[in-house]
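Welcome! Please take a moment with the sequence and the model shown here, and then we can walk through a few of the parts together.

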Amino acid sequence: SRGVARGHTREGWMIGGMDDRSVGTITFLFTDLEGSTRLWEQFPDDMKPALERHDAILRAAIESSRGHVVKTTGDGMMAVFERAADAAAAGLSAQRDLAREPWSNIGLLRVRMGLHAGQAEQRGGDFFGPTVNRTARTMAAGHGGQILLSDAAATLASDHLPAGASLIDLGEHRLRDLGRAEHLFQLQHPDLKSSFPPLATLRREYGNLPTRAAPFVGRETELMEVKARLEDPAVRLLTLTGPGGTGKTTLAIRAAEAFGAGLRDGVTFVDLSSARDSNAMAIAVARAIGLGEVSERPLEEELRDQLRARRMLLVLDNFEQVTEAAGLVGQWLGDCPDIKVLVTSREPLRVRAERVYRVPPLGLPPVGLKAPSADRMERFEAIQLFVDRARSVRPDFRLTDDNAAAVVEICRRLDGLPLAIELAAARLGLFSPQALRDRLGDRLALLKSGPRDLPERQQTLRATIDWSYEILDDAEQRLFELLAVFADAEISAVEAVAREANAAEANAGDVLDRLTGLTEKSLVRQIDAASGEPRVGMLETIREYARERLEQRSGGGTRARRAHAVFYAGLAAAMRRDLIGNQRETALARMAVEVENLRIAWRHWVAEGDLEQLEKLADPLLILNDARGWYLDTVVLTTDMLAVLASTTSSPERISQEIGLRTSLARALMATKGFTPEVEEAFAGAVDLFERSTDVRQQFSVLRGLVSLYEF
């Protein structure tokens, strides 16, 4: 966030006498009178003169600090300054004068203030754009008498604060409707109140909702409708449906933010993109709500009882992966009266409690406009999204009367689909809107070559991704395809696998350059990781497309999957020493981050029947599963390994290995299901091999397992 300040050598804006245009870095000051509605109701006769005095105090403070009042905003003001320090001085001066003013019956007028610095659009004497929006949200987070500064404003003002003033670091906060969290500071001075309630920002503690990487644009009508349905006591299950790229997940997250804050147990978000059946979905939900897998009862029973005790919203994302689990969701709703479920899926669940909300495309201008003007077109959501994403590629981009027709045509040909619009807007680094429209029009002729049984808009999305793929050079295409074999990954892992899969990718710098290019083209996205190591991944729709392309390339799929499996088997082997040593916790955390890639590698080597590679993965994964209580994964892992061992030549080493696996299998089954015939069978298999083993440690392991069995 400090990049706003560093991106300019000085704060450059001259107040007054400007034509409509983009301005340099300026600082905005927003103010708002706290509780004004209540004051008007209680003191109708006193409020008019009080507000006149309030306005006079604010205006005097702003103008004496070389600021300019843009407009009044009901019970507040919007002002601009060339220097952030002047804005801070104006806020301090105004708060002092407001505190000293006698307000008769009303009492002290409490005004909250927010400062933010950045670039903005000026039109007709007013200002627009993301900087203005962020200033408003910064102010709205505060309380009467409090002055809040964004990170950008604090950076610019910190070296030139008024005498006696300082900044208190309030940490990062999520502000309503804004994708990027904001680092907020409070202006402190002996003349100001210093203690305030917690900021009025989106709470992190009420759920695990993902943070949006980009601002939420449009969808206000849909958001109100979805929230209203969730608030309806009769609605227990609401499914947001639509083709890939419609923005179902984004809308679900925003609606959950708006609705979930009022629930005792908040919101639990579950990404089902990697699940494939009912059991995998149940495991994902259990882990999301913090439920361990060690229990004397089946997971389904434990999960049901946990959900029954909660008052919460459960968000199940990408449910089309596990449609067979629809009945299980219906059972939860019947057994757990205080939960609601919000689902995103490309198709309905088709259970009795379900209400379906079909997410429409973004709003588009009507067909047949002869000369669409920029002012009129910016009212439509699809155009707003295109302009917003275009500015991430070209910060100076503006919708004008000259390019409005081309932008409208692009958005219309893409049917208002958010993902398609974002992919197209990313091309503005190469093309003008007019050139982009023409090239996109040519590519859309490919629609007829797509599967005829797919929804029309999904075909359109496929054509858009196809076009984005084809304008990549060959090296970028190969790297794009390669990324389909990962879950998500550290950049260093992508470099290593790329080199292994294709000798031509030996230069790590080339891989990094191409990866940067794919990210800029919106085909790859950066992922925040707790470890701090940069990671990249793909949207699932794009990953599916990349996987199809990889399979079409001669030998590419086989080489890429093998290179991925070799790398992660090697990574697991290298981490084994740390897992049993002093770096255990660090290694476990790293393994947990990479677990999906490790499982992909495991499945590859199981299919190949490669015992040597599986042995590199087995111990680290067993240690991780045991430490995290992921015993159901241990059941899968040991069963796979035993099947591969069955096809190998018997030897003392193999016998010892099989005894250990059967013992681990028995323990995992007993931890999750209790004493069952499967547990007895697993131990019996270990006992049958017992006399043939010369490994005392393995014998002790079996004996210890048998003791635990009889104790159970």
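Which strands does H4 lie across, and at about what angle does H4 run to E5?

## Before we start

This is a predicted model, in which local features need pLDDT of at least 70, side-chain atom pairs count only at pLDDT 80 or more, and totals for chains, interfaces and linings use all residues. Residues are numbered from 1 along each chain as its sequence is written, and side-chain values use heavy atoms, with hydrogens and water left out.

Helices (H or I, at least four residues) and strands (E, at least two) are DSSP runs, numbered from the N terminus.

## A sheet and the helices across it

To take up the opening question, H4 lies across E2, E4, E5, strand E8 (147-149) and strand E10 (182-188), and runs at about 175° to E5. Such angles run from 0 to 180 degrees between N-to-C directions, with axes as lines fitted to C-alpha atoms, for helices over the stretch in contact. Contact means heavy atoms within 4.5 Å. Helix H5 (residues 130-140) also lies across E2, E4, E5, E8 and E10, at about 150° to E5.

The open sheet has 7 strands in the order E3-E4-E2-E5-E8-E10-E9, and the pairing is mixed; two strands pair if DSSP finds at least two bridges between them. E3 and strand E9 (166-173) are at the edges with a single partner strand each, so one side of each has no neighbour in the sheet. On average, neighbouring strands are turned by 25° against each other, direction ignored. E3 and E4 run antiparallel and are joined by 5 bridges, and Thr72 stands opposite Met77 in E4.

## Helix H3

Helix H3 (residues 44-64) has 21 residues and reaches 31 Å from its first C-alpha to its last, close to the 30 Å expected at 1.5 Å a residue, where the expected span is 1.5 Å times one less than the number of residues. Among the buried residues of H3 are Met47, Leu51, Leu58 and Ile62; buried means under 20% relative accessible area, exposed over 50%, and partly exposed in between (1.4 Å probe, protein chains only). The buried residues of H3 pack against elements including helix H2 (36-42) and strand E5 (111-118).

## The largest nonpolar core

A nonpolar core is a set of buried Ala, Val, Leu, Ile, Met, Phe, Trp, Tyr and Cys residues joined through side-chain atoms within 4.5 Å. In the largest one, with 67 residues, Phe480, Phe486 and Leu617 touch the most other members. Helix H22 (residues 556-579) gives the largest share of this core, 9 residues.
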